[in-house]
Structure formats: structure tokens, C-alpha cells
Amino acid sequence: MSEQKGSHLNHIELWVQWKEHGNVEAKKKLIENYLGTVEYVSSRLAIGLPKNVSKDDLMSNGVMGLIDAIEKFDYKRGLQFETYASWRVRGAILDGLRQGDWVPRSVREKARKIEDAYQQLEQKYLRAVSDAEISEFLDVSEREFQTMLQDVAVMTITSLEDPIREEESETRMSLIVDEKAKNPDHTVNDFVLKEMLMKGIEKLTEKERTVVSLLYYEDLSLSEIAEVMSLSPSRISQLHSKAILRLRGALDKQRGLLMQDM
């Protein structure tokens with residue numbers, strides 16, 4: 001217990017040295033202390049990404065996110081740095097992936113077609129639609145639809161992390177996860193978007209809701225979720241793709257309405 005307390009005091013002293021005195025050595029020590037966060041986030045994001053995406057690239061982008069987190073973090077607020085840093089690291093890695101444009105155009109087009117199909121059919125029927133209904137709308141067999149979901153799986157990892165509006169940093173996912181951060185600067189539009197996102201999650205199938213909950217709330221990896229749900233990793237990947245494309249369709253529709261009102 002005393003060792004843990006001493007370690008905590010050492011961390012505080014490093015923050016004081018860096019933030020109050022600009023001690024570069026203290027900053028370097030903080031970076032070294034939290035490199036494990038970069039390794040952890042990089043490893044989890046690497047699952048499900050194409051093999052041509054280098055883990056070293058993920059790590060280097062993650063380190064940039066960690067440095068950014070250390071420079072911007074306010075240690076006086078008493079918040080957990082690891083939580084703050086993991087979001088910054090994750091964001092930096094995803095930014096790097098987006099800038100690298102690692103998703104082929106054909107995959108983007110497939111994802112857009114599926115997203116549009118969910119949006120149109122669920123707006124028409126006011127309920128979650130089945131794979132059979134989506135397949136018929138897309139004029140493909142259910143087997144072909146499952147293959148399409150597998151193809152776009154690598155793209156949906158960043159879908160909820162994309163900014164809600166191009167000029168802002170807040171993401172769709174932050175509206176779900178950041179329940180405790182009641183920022184008075186949040187606009188009415190953000191609350192409307194959050195409400196729409198939560199309603200969208202309620203309309204997912206039970207299995208899709210479970211995958212979203214375990215992945216984004218419980219922070220399990222896709223392979224861990226597969227074990228929990230006794231399903232194959234590829235099936236979990238398909239469920240995740242469907243859930244994200246449904247949510248994107250609902251949010252993009254609402255965003256379009258909000259933009260008209262502005």
C-alpha cells in the first residue's frame with residue numbers, strides 16, 4: 001500500500017515539475033511512464049485492421065497522441081490521466097489511419113450503400129430491418145450481404161470516432177461514453193444528436209447492442225467479445241459492422257436536419 005502511495009506521489013511531483021517549472025526531463029519521464037497506454041490502445045485497434053497497416057505506425061501516431069495529452073492535461077483537476085490519455089492516443093491513431101486513406105474506394109462505396117439501405121428502410125418501417133430485407137433492397141443474396149459486411153468491417157472501426165462536424169473534435173462515440181462530462185458549453189444540437197444516438201442503440205438487435213456495449217463501454221476486444229458471446233470473431237465483426245452502419249445512418253440523417261435548421 002505504501003509503495004502505491006509513494007508511486008502516486010512521484011507521479012504528482014512529475015506533473016508539478018513539468019507543468020509548473022517546465023522541466024523537460026519530467027515530461028520525458030511522464031512519456032516513459034505512460035507508454036504502456038500507447039501499447040495497449042495500439043494492440044486493441046490493430047485487431048481487425050488489414051495486415052498492411054503497420055503496428056509501428058499505430059504506435060508512432062499513438063505516441064504523438066500521448067505527448068499531446070501530456071501537454072494539454074490539467075493535473076490539478078484530479079482526473080485520471082490514463083483515461084484522458086487513452087482517448088487522445090486512440091484519436092491520434094485513428095487520425096493517422098484516416099489520413100493514410102487505407103480503405104479502398106470500393107469498400108467505402110459498399111459501406112455507403114449498406115448505410116443508405118438501413119437509413120431508407122428503417123425510416124420507412126420505423127423498426128430494425130432484417131438481413132433479408134436489406135439484401136432484397138440491395139438486390140443481393142443474404143450470403144453476399146454477409147460478405148459485404150465482412151468487407152466493410154475494417155472501415156467501421158473509425159466510424160463512431162469520426163468528428164460529428166468537420167470543424168470540431170467531438171465524436172459520435174464521445175456523446176455515448178462521456179456521460180459524466182456535463183459541459184455547460186454543449187449546444188442544444190449536441191444534446192439532440194446524443195438523444196438520437198441513444199435511440200439508435202435502442203433500435204439495434206439484442207446481439208448488436210451487446211457487441212456495442214462490450215466494445216465501447218466494457219472495452220473488450222472483438223476476439224474477447226467472441227468468446228463471451230460464444231460466436232466466431234467474424235460473426236462478431238459482422239454484428240459490429242451492422243450496428244455501426246445503422247447508427248451512422250440515423251445520425252447522418254439527424255445531422256442533415258440540424259444543418260437545415262441552422
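Q: Which residues is Phe81 in contact with, leaving aside its neighbours within four places in sequence?
A: Contact here means heavy atoms within 4.5 Å. By that rule, Phe81 is in contact with Trp15, Tyr34, Leu66, Ala69, Ile70 and Phe73, leaving aside neighbours within four places in sequence. A word on the source: this is a predicted model, where local features need pLDDT of at least 70 and side-chain atom pairs count only at pLDDT 80 or more, while totals for chains, interfaces and linings use all residues. Residues are numbered from 1 along each chain as its sequence is written, and side-chain values use heavy atoms, with hydrogens and water left out.

Q: Which residues touch the most other members of the largest nonpolar core?
A: A nonpolar core is a set of buried Ala, Val, Leu, Ile, Met, Phe, Trp, Tyr and Cys residues joined through side-chain atoms within 4.5 Å; buried means under 20% relative accessible area (1.4 Å probe, protein chains only). The largest core has 22 residues, and Trp15, Leu30, Leu66, Ile70, Phe81 and Ile93 touch the most other members.

Q: Which element gives the largest share of this core?
A: Helices are DSSP runs (H or I, at least four residues), numbered from the N terminus. The largest share, six residues, comes from α5.

Q: How do the axes of helix α11 and helix α12 cross?
A: Axes are lines fitted to C-alpha atoms over the stretch in contact, and angles run from 0 to 180 degrees between N-to-C directions. The axes of α11 (residues 206-217) and α12 (residues 222-229) come within 10 Å and cross at roughly 130 degrees. The contact is made by Lys207, Thr210, Val211, Leu214 and Leu215 of α11, with Leu222, Ile225, Val228 and Met229 of α12.

Conventions:
Helix = DSSP H or I, 4+ residues; strand = E, 2+ residues; numbered from the N terminus. Buried < 20%, exposed > 50% of the residue type's maximum accessible area, 1.4 Å probe, protein only.
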